[in-house]
Amino acid sequence: MRCAIGVDLGGTNLRWSVVAQDGSRLYQDRVPRPHGPGDVVRALREAVAECRQRHPDALGAGIAVPGVVTERAVTSTNLGWQEFPLQDLLADLPVPVRVMNDMAAGALGELHCGRARGMRSVIFLTVSTGIGAGIILNGELYRGAGGHAGEVGHTVVDLNGLLCGCGRRGCWEMMASGTAHRRRVREAYASGTWPNLEQEPTMEDVTQRAREGDKAARALLLRTARYLAIGVANLANLYDPEAVIFTGGFARANWDLISDYLRTEVSEQSLGQGMQLLLTELGDDAGLVGAAAMMLPAG
C-alpha cells in the first residue's frame, strides 16, 4: 500500500508519522519541539530520514506548521518566524516536500479518513488557546489569495468586546476560545461565584462541576458556547459547508456539555439548514494524516 510521511510542528512537540493510503499509521514518533529555526530544520530533516529508513517507499513528506504559508515562506507568530523560507531549506531532501498550514492539514486529514469522509465542503475548526480553521470547498483546500484563509479567530463577533492582539475589539478568539473561557473562570472566582473553594478552579474543575450539575459552571461554559455559536453561524452563512468539524482542547473537553446548545443556536442563526456539527475523529493525528495525504495520489 502506498504511504507518505506526515510531520506536525506543534507548540509543544514535533511529531511525525508514516501514513498509508487508508490513513493507518505505519510508524509514529515525537520529540519536544526545538525552538531555534536552525534546530527546527535539523529536527525535520532527522524526522524525514528516520521515516525513510523504516519505509523507503514513502512518496514524499508533508509538513504542517502553525502560521501563514505561501509559496515563498512561512510567517508564524507561534514560532517567531517572519517570511522564513522553510520549503527552500528542505528542497534538497531525497523525497518531495510540501509545507502547509496546520489547520489546512487537519482539514485534509478529516477529509481523507476522518469525519469528513465522503464530503465535499467542510470546515475544520480548532477551539483551543485561539481559534483557527481549515477550509475545504468543493473537494479542494481553500487557501485564499495570500494564504490567509482560515484566520477566522480574527473575525469580529462583538464590537464592544475586549481588545485583541491584532488591534481590533471583539475578535472571535477573544470571546470564544479556551483562553476566553479561562478568563471568565478567573473573573467568576474573583467575584465570589464559588465562595467554598480555597483556590481558583482549573478548566478541568469547571468542566467536572458542570457535569455534576453546578449551575454557575454550566453558565460559564454556555456563555463561551454562545459566542462560539455566533462565529460558527457566520461560517455557515459564508461557506454553506456540509459540516463543521471541531477540535482543540476546549471543544474536545466540553463537547458533551456544549454540542446540543451549539446545534440549537447555530440552527437558529444560520440561513441554511442541515449543516452538521461534529467532533474530530482523528484528534491530534489529523494534521499528521492530512500532511501525508497531500503527498499521496487521490483515491
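Predicted model: local features only at pLDDT ≥ 70, side-chain atom pairs only at ≥ 80, totals over all residues.
I will begin with phenylalanine 246, which counts as buried because its relative accessibility is 1%, where buried stands for under 20% relative accessible area, exposed for over 50% and partly exposed for anything in between, using a 1.4 Å probe and protein chains only. Residues are numbered from 1 along each chain as its sequence is written, and side-chain values use heavy atoms, with hydrogens and water left out.

How many aromatic pairs does a search of the whole structure find? The search finds 2, where rings of Phe, Tyr and Trp (its six-membered ring) pair if their centres lie within 6.5 Å, and planes under 30 degrees apart count as stacked, over 60 as edge-to-face and the rest as tilted. Tryptophan 81 and phenylalanine 84 make a tilted pair, with 4.4 Å from centre to centre and 40° between the planes, and both of these residues are buried. Phenylalanine 246 returns here with tryptophan 255 as its partner: the ring centres are 4.9 Å apart and the planes stand at 45°, so this pair is tilted. Tryptophan 255 is itself buried, at a relative accessible area of 11%.

Threonine 280 is buried, with a relative accessible area of 10%, and its side chain reaches the backbone nitrogen of glycine 283 at 2.9 Å. If we set aside residues up to four places away in sequence, threonine 280 touches Glu110, Arg115, Phe124, Ile245, Phe246, Thr247 and Arg252, a contact being heavy atoms within 4.5 Å.

Serine 17 lies in strand 2 (residues 13-20) and counts as buried, at 0% relative accessibility, while its side chain reaches the backbone oxygen of tyrosine 27 at 2.9 Å.

Let me turn to helix packing. Helix 6 (residues 203-211) and helix 8 (residues 249-269) pack at an angle of about 10°, with their axes 10 Å apart; the axes are lines fitted to C-alpha atoms, for helices over the stretch in contact, and angles run from 0 to 180 degrees between N-to-C directions. That angle makes helix 6 roughly parallel to helix 8, given that angles under 35 degrees count as roughly parallel, over 145 as roughly antiparallel, 65 to 115 as roughly perpendicular and the rest as oblique. On the helix 6 side, Met203, Thr207, Ala210 and Arg211 meet Phe250, Ala253, Asn254, Asp256 and Leu257 of helix 8. These contact residues divide into 5 nonpolar, 2 polar and 2 charged, where Ala, Val, Leu, Ile, Met, Phe, Trp, Tyr, Cys and Pro count as nonpolar, Asp, Glu, Lys and Arg as charged, and the others, Gly among them, as polar.

Glutamine 208 is also found in helix 6 and counts as partly exposed, at 38% relative accessibility. Glutamate 200, in the loop between helix 5 (178-190) and helix 6, is partly exposed too, with a relative accessible area of 33%, and, apart from its neighbours within four places in sequence, glutamate 200 is in contact with Arg186 and Tyr189.

Asparagine 138, in the loop between strand 10 (131-137) and strand 11 (140-141), has a positive phi of about 50° although it is not a glycine, and asparagine 138 is exposed, with a relative accessible area of 54%. Aspartate 240, in the loop between helix 7 (215-239) and strand 12 (243-247), likewise has a positive phi, near 50°, in a residue other than glycine. Is aspartate 240 buried or exposed? Aspartate 240 is exposed, at a relative accessible area of 58%.

How values were computed: Polar contact = N/O pair within 3.5 Å; in protein donor to acceptor, adjacent residues only side chain to side chain. Helix = DSSP H or I, 4+ residues; strand = E, 2+ residues; numbered from the N terminus.
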